[in-house]
Structure formats: structure tokens, C-alpha cells
2 protein chains.
Amino acid sequence: MKRTPVRLADGRELIYFDERDDADRTAPDERELPPPPPASQLRYDPLLDEWIAVATHRQNRTFLPPSDQCPLCPSRPGRPSEIPAQDYDVVVFENRFPSFSHRFEASQGWLDDGLVSLRPGGGRCEVVCFTSDHNASFVNLSPERVRTVVEVWADRTVALSEIEGVEQVFCFENRGPEIGVTLHHPHGQIYAYPFITPRTRQMLRSARRHAERTGRNLFADLLAAERRGERVIAYNEYWTAFVPAAARWPYEVHIYPHRQVPDIPALSDAERDAFGPLYLEILRRFDALFGVPMPYVAAWHQAPVHTDRDLAYLHLELFSNRRAPDRLKYLAGSESAMGVFINDVRPELAARQLREAL
Amino acid sequence: MKRTPVRLADGRELIYFDERDDADRTAPDERELPPPPPASQLRYDPLLDEWIAVATHRQNRTFLPPSDQCPLCPSRPGRPSEIPAQDYDVVVFENRFPSFSHRFEASQGWLDDGLVSLRPGGGRCEVVCFTSDHNASFVNLSPERVRTVVEVWADRTVALSEIEGVEQVFCFENRGPEIGVTLHHPHGQIYAYPFITPRTRQMLRSARRHAERTGRNLFADLLAAERRGERVIAYNEYWTAFVPAAARWPYEVHIYPHRQVPDIPALSDAERDAFGPLYLEILRRFDALFGVPMPYVAAWHQAPVHTDRDLAYLHLELFSNRRAPDRLKYLAGSESAMGVFINDVRPELAARQLREAL
């Protein structure tokens, strides 16, 4: 894989990841762009003990543009996009409308008589274009391309972990307008957070308690139990995909490597090779379920950068908000206000439907 | 207010709350109905330390029926609905598709080698019809009707708190198909949970820490600070409505009584009288913001039934997922997978827009 970093017109970094060594990456970004917006402001919620990012510049971000104005397609003569080259394999660049960024003036403060702490949303947000084909989707990628994407995720996890203040690197894909995607071109995102996220913090708290009580790893124990159970969808020598016993979403699949590793960079070559075929099969099953493309979030859970790396266990959580061919699951009162999920589909049934979908 | 409990054809309870004393509530439910479905199954997620409700019968619940088949309208000759009478003021009945119910066979169990605990979803789910007018909305209710609804919430909170195993009573309204509402007729819901919900648990944990450190109540301190700040939308002698400093949603308003009370039944008559006019003003401001009805969740945060009633502080949290006239806020990767909210609208701007909306 050939790795070529360049700079866009406004100073943002873009990196070409090429599967061949002969790609020419000298095309300049010929646009005139305003300077990138500053980082968001983080505000601490003292009731829920969480940080909220206030990113007002994102309100004007590009929203479902016509396909001939797609900013993630390669540039064409007279039609420059975010990617200066006229073709690419996989490309990563700093998000033009980032929630977290290193571009901030150091500023701390307080609101509400010192109850609400403020600080800059340091970190970084990147966009990952999986293919130059506007009309493709992750599920259409070749296993070789997925292998390249795994390599890119590993590269970016290492690089973003080295940024001062970054505590967690989150690689994910939102797919489908039903889940809020604002650009159709197949792409994922990477958030480098300046704190450990609430859900990761809670998972690690549970894992720590389990380790103290049993001496074992909670994630590993759950995986072992699931592998013996009735909710496995597919597996190979290195990975297992299953619907978890306490799934929150109507269709939710977790994919674990059999070996406990903290993050994507820690995966062996054999594990990296084996991921794509299994994941592509799961995505095909998702789309086959109702015969329409499933909206989904695919979320890599990686260890924090500096703490609890021995407790964490890399895994991918994939879930859809579609509960029937013509119906979506909404996070309304119980979920959004109280944090209590009501799942309309029995996880054992969801697993059987996904097994039988192909 | 006259209170008349009756039974529906399948044994579920329905209660008429009438503003006059002469209403005739003898009309029988003439439908033939199957027995109500059993309660959901609760599954414990050992990673996130939360209970999930698996309620498979809800998959077939009534979904946006045509208005002449609305189950929440009064019955008409030849067209029986959930409400046997031909008119009503406010009516409450057991949800036909409940997430929590007393109808369960006692059963406990385990999945995943004892890591995932199972138990029946005991409790109760009720529907509250605010008016017999199908085309109205909460914002159209008279202050007198809102006063009746407050009385009904108080009545139901007392009654549901007495059910064995119920730990928290949650009165809420989801409004608008954009947030997942499946029936247009103006109505709210009440969930009586058999556990303390994750968000309430976290708020009380924060309040306990604050009390130990300062001897004061965290909610009261936040309210006092907000009342001196720039995010107040409206207030009267007994209540203040403000956008919180660390708002998660583009448009989010919290309404607190000035006196710390654990729940709606603890409100004085004067506090109950003063709520409606203020809340209706906030809802009018919501709808005026973009000139279209705002989808919203309105969630009453009440104290748990048995614990921490001295720490809790009754308040209403109102939020919308609309961020612009033609755009919704989605809970995608960062929010759904990691629990990190990105808010595109600065809370001070949201407060100003809401103040200027009328």
C-alpha cells in the first residue's frame, strides 16, 4: 500500500492510500477555500457527567448534494471536489466541518457558577472514502478493498492516538439517509475524542468489576458464551458475528476477533485478512433481510489511548434502525429521555432471520 | 374532577377524568378483543449495566391508521374505539401493546452462562388522551385542560407507584411522526418501570456527590444559576423555563418548579395552576420557531418511588430533533454508539431564537 499525504487549499491534510505503487498524486487542490472553522466547544453536563460538543459551524454543512456536486467524488476538469486527484482507491482527509479539531484558541471557562465547565473540542475528525465509485456501498467492496480499509483504519488509529490530548479513536460508518447520512458517496468517519466516551467508560467499568470478581475478561467471557449459543450468524477461524443476548436495536450484530486485542493496529495480518469476507457477508445479510438497503451504524469499539488497554476488547457493533420493510425504530421518550431501550424483535429471532436471509 | 374507572372488553382498565360531574360513563366496550399480550422480557446487558425490554408483541402495534379508524377517538355507532364513550375530557387506559405490564408468568433465568440475567417486564404502561379532538395538539389545549392533565399525571403517579415492583413512574409525550409517533391523536404515555432508569440513576449519582461535597442540591444550584443567566426563555412565580448550558439537542428546554419537590403529586395547587400557562407558551414558541409543528419529546423527570427522594428534583425536559425547517438531528455514530452528543446549535442562540419566536 502506498501512502501519499498532501495538503488541501485550506491547509487540511489529505492522505491517498493506493493499492498500486504507480499512482500519481501530484494534482493540486485548485479551489479557493476559507480557512477551516475552529474546533467545537465542549461543555460538561454536571447532571449526566458527560461532555457535549457544541459545533455551530456544522449547522451549514453540505446536505445531500446532487450527485454531480458530490464533494467525495474525484475531481473532474472544471469540477473540483475535496479530492484533487481524478481517481483514487481509499482516501482520508480532515473533515471540513469537524466536531473536534486541533484548530482552537486555548480557552477554558465556566458557565452556571462553575457547575458547567467549558473547554475547546480538541482532537480530530476525518472522512474515509472507501471507493471513488459514487454509487457503490461498503457491501459492494471487494475483500481486497476491505483489507485496504482495515489497513487505513489501523494507520489512522496510530496517527490520531499520537495527537496530544486525544483519549479515544472511533472509526465508524453511518449508512443511509434514514440514519442521518448527509452525503451518499460511500464513506466512513473517524473521531479522535479528547475524552473517553461515556459508553466506553461504562463498558470498562463493568469489565473492571468482572475482572476483580472472576479474574477473567468480561468481553472474552461474553464471546465464549455467545459462540456456544443460538445467536451466532457467521464465523471463521479468527472472528465471530452474533446478535447479543441483550440487543438494543431490532437488528444488531457484534463482530469480535477470537483473540483479545485492544485496537485495530494490534490485529495480526491473518486477522486483518479474515475480517473482510465475514463482514461483507454480514452486510449482505443485512441488505437481504427486507430486500432494501438497510440503514446502519457500524461502530468500532477500541481501547482508550492511555488507560485500561488490558481490559478493553476490540469489536465492531453494527446496528440498524429499520425494524420492518416500511418501519423504522425511533429513539423516543423511553430511549432518549430515560435511556431504556425497548426492542421489538427478539434477538434469537433476529439471529435466525439474518441466518436465513441468504 | 370526576374520576370513573371502567374495564375494557379484554380486562384492561380505563379511567375517565371529567371536568364536569354529570358525564355518563356507562357505555360498555362492545368489541371482541383477544386477551392482552404478556409483559416484555427484561434482559440485563452486563457491559452497559442496563436492562433492555424485549417486547415482541409491539412489532404489530397500530401504525398511523387513517383518521376514521383512530383508536383514541371516542366511539361512534358502528365504529368502536379504545374509548367506549362518545365523548371525553381526559382519559387514561392500559396500553394495548405495553412494554411493561403486570400480566406475566413469574419467570427468571439466565443467558450467556449467567452473564445475562432475565426477568419479566413487570410494571404498567398507560396511554393518556389529552382531548377527544383528533386534530388538536397539546399546544391547543386550554390552560384549564392542562390543569386537568396535571391532576391526571399526579393521580397516575400515585397509583402506579403503589404497584409492587414499580421503581419509577415516567410521564411523557412524543409528538410528531418525525420522532416516531404512530398515532396522530394527541396523547401522552406513562411508563411504570420495574427499575430505576439509567439516566435517572446517573443524575442521582451526580446529585449525591454534589450534596456530599457542598451540602446543597445540584438541581437547585443549577436552576439558581440558570435563572441569573442568559438562557431563560420564560418564567412565572412558580416555574422557570430555560435552555440548559450543556444542551444535547438543537432545541431543548428544561422547566423547573422553583421549589424542590420529588414528583408531580408533591406540587401545590398554586404550582399546578401556574404550570399550564408557562408550558403552553413554550410549546407555542417551539411551533413558531420554524413555522411548522415541531416534533418533540416532553419528559417528566420524577424521583424514584422508593429511594433518593430527597436528592431528586421534579422537572420537565422538552427537546426536539428538528435542527432547521427542513432538517432533523439524527442520533448516528457518535451519539448512538459512543454516547457523545454533537449539538449544532449554540444553547445561547437557541434561547434567543425561542425568546424572539413570538
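These are my notebook entries on what I looked up in this structure, a predicted model.

**Ground rules.** I number residues from 1 along each chain as its sequence is written, and I letter chains from A, and number ligands from 1, in the order in which they are written. Since the model is predicted, local features need pLDDT of at least 70 and side-chain atom pairs count only at pLDDT 80 or more, while totals for chains, interfaces and linings use all residues.

**Entry 1, the two chains together.** I began with the contact between the chains, and found that 67 residues of chain A are in contact with 67 residues of chain B, where contact asks that the C-beta atoms of two residues, placed from the backbone, lie within 7 Å. Helix α2 (residues 198-214) of chain A gives the largest share of the side of chain A that touches chain B, namely 6 residues. By class I noted 35 nonpolar, 16 polar and 16 charged residues on that side of chain A; Ala, Val, Leu, Ile, Met, Phe, Trp, Tyr, Cys and Pro count as nonpolar, Asp, Glu, Lys and Arg as charged, and the others, Gly among them, as polar.

I next followed an open sheet of 5 strands with mixed pairing, in the order β6(A)-β7(A)-β3(A)-β4(A)-β18(B). At its edges stand β6 (109-111) of chain A and β18 of chain B, each with a single partner strand, so one side of each is left without a neighbour in the sheet. Strand β4 (residues 50-54) of chain A runs parallel to strand β18 (residues 342-343) of chain B, and 2 bridges join them; two strands pair if DSSP finds at least two bridges between them. In this pairing I found Ala53(A) opposite Ile342(B), and Val54(A) opposite Asn343(B).

I then looked up another open sheet of 5 strands, also mixed in its pairing, with the order β18(A)-β4(B)-β3(B)-β7(B)-β6(B). Here β18 (342-343) of chain A and β6 (109-111) of chain B are at the edges with a single partner strand each, so each has one side without a neighbour in the sheet. Within this sheet, strand β3 (residues 41-45) and strand β7 (residues 116-120) of chain B run antiparallel and are joined by 3 bridges, with Arg43(B) opposite Leu118(B).

I picked out Ile52(A), which is found in strand β4 of chain A. Ile52(A) counts as buried because it has 25 C-beta neighbours inside 10 Å; a residue is buried if 20 or more other C-beta atoms lie within 10 Å of its own, exposed if 12 or fewer, and partly exposed in between. Leaving aside neighbours within four places in sequence, I listed its contacts as Arg43(A), Asp45(A), Ala246(B), Arg248(B), Phe341(B) and Asn343(B).

Strand β2 (residues 13-18) of chain B has 5 of its 6 residues buried, so it is largely enclosed by the rest of the structure. β2(B) also pairs with strand β5 (residues 90-94) of chain B, in the antiparallel sense over 4 bridges, where Ile15(B) stands opposite Val92(B).

A hairpin through 3 residues joins β11(B) to β12(B), and their antiparallel pairing covers 3 bridges. On the other pairing, β12(B) meets strand β13 (residues 251-257) of chain B in the antiparallel sense over 4 bridges, with Thr240(B) opposite Tyr256(B).
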